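Take a look at the fold below. We will go from the whole chain down to a single residue.

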Amino acid sequence: MIENEETIHKLYSALQTLDHKGMIQCYHPEATFRDPIFELNSKDEIAGMWTMLCKRAKAFEFHYDEVWADEDEGGATLNAKYLFSQTDRMVHNHIHTRFNFKNGLIIEHVDTFDFWKWSRQALGLPGVVLGWNSLLQRKVQNQAYTNMKRFMKEN
């Protein structure tokens with residue numbers, strides 16, 4: 001197994017045990033992260049996000065497979081089930097992830113998933129009615145970023 005593939009396994013093995021500190025060790029100091037909810041431009045922000053998500057996790061199940069990597073990039077397929085803390089609604093999120101690496105660490109992390117499907121599960125009726133709308137997505141993004149900033153100091 002090449003070093004970058006080992007980094008992916010280390011990241012997601014740590015997530016399975018909600019070990020945010022172990023996850024953060026997988027990121028390069030200049031790392032970025034992007035998904036439909038977060039756009040993070042520093043390792044400190046990424047650390048805040050993982051700290052928040054791990055500490056708030058309820059009824060959390062996580063599995064990953066289809067891991068691949070070469071010298072520059074990699075990816076995996078993820079399945080996460082959890083109780084969304086703001087609404088106490090169960091979410092099952094299917095995620096495709098892509099990485100770019102530098103010196104064996106993640107320099108760019110991009111997750112893709114269907115925001116409308118996620119919002120219907122996480123938010124209920126507002127997600128069903130407005131989940132396709134970029135205004136709802138921006139509202140969720142802003143709230144998530146505000147919440148995440150509180151956890152940045154814990155690392």
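What follows is a short walk through this predicted model.

Local features need pLDDT of at least 70, side-chain atom pairs count only at pLDDT 80 or more, and totals for chains, interfaces and linings use all residues. Residues are numbered from 1 along each chain as its sequence is written, and side-chain values use heavy atoms, without hydrogens and water.

Start with the fold. The protein chain has six helices and six strands. These are DSSP runs: helices are H or I with at least four residues, strands are E with at least two, and numbering starts at the N terminus. Their order along the sequence is α-α-β-β-α-β-β-β-β-α-α-α.

Now the overall shape. The C-alpha atoms fill a box of roughly 45 × 35 × 30 Å along the principal axes. Of the 155 residues, 46% count as buried. Buried means under 20% relative accessible area, exposed over 50%, and partly exposed in between, with a 1.4 Å probe and protein chains only.

Contacts come next; a contact means heavy atoms within 4.5 Å. Take contacts between residues at least 6 apart in sequence: 55% of them join residues at least 24 apart.

Finally, zoom in on one residue. Asn 4 lies in helix H1, residues 3-16. Is Asn 4 buried or exposed? Asn 4 counts as buried, because its relative accessibility is 5%. Leaving out residues up to four places away in sequence, Asn 4 touches Ala 69, Asp 70, Glu 71, Asp 72, Phe 101 and Gly 104. A polar atom of the Asn 4 side chain lies 3.0 Å from the backbone oxygen of Glu 71.

Notes: Polar contact = N/O pair within 3.5 Å; in protein donor to acceptor, adjacent residues only side chain to side chain.
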